[in-house]
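Colleague: I would like to learn how to read a model like this one. Can you take me through it step by step?

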Amino acid sequence: MYEMVGSVKLIEETQTFASGFSKREFVITTEDKYPQDVKFEATKEKIEQVDRLKEGDHVKVSFNIRGNEYKGRYYVNLQAWKIENAGGEVSPALDAAGGDSASGGGNLDDLEESPF
């Protein structure tokens, strides 16, 4: 498990693939000396947590690193499983998403229809 704190910069639309697999990506800007824009993805029921975000929100994202190979190329995704406000206290909107601490990340089999 990893955690990162930053401000929400961008929230993409939900993507649904032919297999029925869905994901929603979002970007946060870190608050480091040299800020970085970092893209995360939420899958399955975790998409509801992203639905409650708005650009500019100050959040802490708990995530897992997922890697896979597809046709000889290797991909890395940061799979968010918990999003809370950066003060450590879950905001009411995010709390309604059921921000539990169990990893609900799905698995690489879900990606078989996706080029990623």
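Modeller: We start with the whole chain and then turn to its aromatic rings.

Modeller: This is a predicted model, so some cut-offs apply: local features need pLDDT of at least 70, side-chain atom pairs count only at pLDDT 80 or more, and totals for chains, interfaces and linings use all residues. Residues are numbered from 1 along each chain as its sequence is written, and side-chain values use heavy atoms, with hydrogens and water left out.

Colleague: How many helices and strands does the protein chain have?

Modeller: Helices (H or I, at least four residues) and strands (E, at least two) are DSSP runs, numbered from the N terminus. Here there are 2 helices and 6 strands. Along the sequence they follow the pattern β-β-β-β-α-β-β-α.

Colleague: What share of the residues is buried?

Modeller: Buried means under 20% relative accessible area, exposed means over 50%, and partly exposed lies in between (1.4 Å probe, protein chains only). In this protein chain, 40% of the 116 residues are buried.

Colleague: What share of the contacts joins residues 24 or more positions apart?

Modeller: A contact means heavy atoms within 4.5 Å. Take the contacts with a separation of 6 or more: residues 24 or more positions apart account for 55% of them.

Colleague: Now the rings. How many aromatic pairs are found?

Modeller: Rings of Phe, Tyr and Trp (its six-membered ring) pair if their centres lie within 6.5 Å; planes under 30 degrees apart count as stacked, over 60 as edge-to-face, the rest as tilted. The search of the whole structure gives 4 aromatic pairs. One of them joins Y2 and F63: the ring centres are 5.7 Å apart and the planes meet at 25 degrees, so this pair is stacked.

Colleague: How is the pair of F40 and F63 arranged?

Modeller: F40 and F63 are edge-to-face, 5.0 Å centre to centre with 70 degrees between the planes. This pair also links distant parts of the chain: F40 is in strand β4 (residues 37–43) and F63 in strand β5, 23 residues apart. F40 is buried, with a relative accessible area of 1%.

Colleague: Which residues form the aromatic cluster?

Modeller: Y2, F26, F40 and F63 form one cluster.
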